Amino acid sequence: MSDARIEVHEDAADLATAVAGELLNRIADAQAAGHVPHIGLTGGTIADAIHREVARLAPESGVDWGAVDFWFGDERFVAPDSPDRNAGQAKAAFLDVVGVPDHRVHQMASTADAASVDEGAAAYEAEVKAHGSGQFDILMLGVGPDGHIASLFPGFPQLDAQDRIAVAVTGSPKPPPERISLTFEALRRSTSVWFLVSGDGKAEAVAKALGGADLHDTPAAGVEGTDETVWFLDRGSASQL
Ligand SMILES: O=C1O[C@H](COP(=O)(O)O)[C@@H](O)[C@H](O)[C@H]1O
């Protein structure tokens, strides 16, 4: 396990630019070393801002977009063209803009791909296993005001899933209700875990996670990277530290 590093940026815009730049550097460095990096994406407000910065900075980055794989920490089990899809958000903001080929974007099932959310979770578990262990080079995680990460919500049974990579979530407290999420067991395999958090409304969750809360109360307390854990914050989200 790694000690957490905390970076506090002035505001959400500065945070997005910093994370996007760091992500592009890491991908380019890995490719220069002959490695095809695997990156875990998240949904949410700050993730969208970061994705747009990635697209803006991409032309100067030297990244080969055909030689990097993208995964998702969670997804909403809705129609493929729903604006609620994390994959749709990421594709519109940067994946399609920079030209990542579809076979490099490992999407979780939509309602068009699976008969049930359970079937969708099982399919993603199989997809992860088919590409190795799910040990992403960098996994990015947004954090909800309630401390949730991916679609692992406080008090929900998925927090205690054993021997699973992906699980179905029903009755999510944040709409839409049906989701697919990687488990703690899977999220903890990543080399680097980057938490992306902005705004006062998340300050309490950040303080609890970094203060060592129980993961059943604050799921964000339950994940670290094997080599590196970074909390990318702005002044608002850091205001209770
Ligand atoms: O529902 C979700 O919420 C979190 C955080 O979203 P935000 O809008 O509060 O930034 C996100 O990380 C997760 O991927 C998503 O499905």
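The following exercises, with worked solutions, concern the fold of one predicted protein model.

Residues are numbered from 1 along each chain as its sequence is written. Because the model is predicted, local features need pLDDT of at least 70 and side-chain atom pairs count only at pLDDT 80 or more, while totals for chains, interfaces and linings use all residues.

**Exercise 1. Describe the open sheet and the helices packed on it.**

Step 1. Two strands pair if DSSP finds at least two bridges between them. The open sheet has six strands in the order β1-β9-β8-β5-β2-β3, with parallel pairing. Its edge strands, β1 (4-9) and β3 (69-72), each pair on one side only.

Step 2. From one strand to the next, the twist averages 20 degrees. Axes are lines fitted to C-alpha atoms, for helices over the stretch in contact, and angles run from 0 to 180 degrees between N-to-C directions.

Step 3. Six bridges join β8 (residues 192-197) to β9 (residues 228-234), and V197 stands opposite L233 in β9.

Step 4. Contact requires C-beta atoms, placed from the backbone, within 7 Å. Helix α1 (residues 12-32) packs on the sheet and touches β1, β5 (138-142), β8 and β9, its direction making about 150 degrees with that of β9. Helix α2 (residues 45-57) also packs on the sheet, touching β5 and β8, at about 110 degrees to the direction of β8.

**Exercise 2. Identify the residues with the most contacts inside the largest nonpolar core.**

Step 1. A nonpolar core is a set of buried Ala, Val, Leu, Ile, Met, Phe, Trp, Tyr and Cys residues joined through C-beta atoms within 7 Å. A residue is buried if 20 or more other C-beta atoms, placed from the backbone, lie within 10 Å of its own.

Step 2. The largest core has 67 residues, and L141, F195 and L196 have the most contacts inside it. Helix α1 supplies the largest share of this core, seven residues.

Step 3. Leaving aside neighbours within four places in sequence, L141 contacts T42, G73, I149, A150, V193, F195, L196 and V223.

Key:
Helix = DSSP H or I, 4+ residues; strand = E, 2+ residues; numbered from the N terminus. Contact = placed C-beta atoms within 7 Å. Buried ≥ 20, exposed ≤ 12 C-beta atoms within 10 Å, placed from the backbone.
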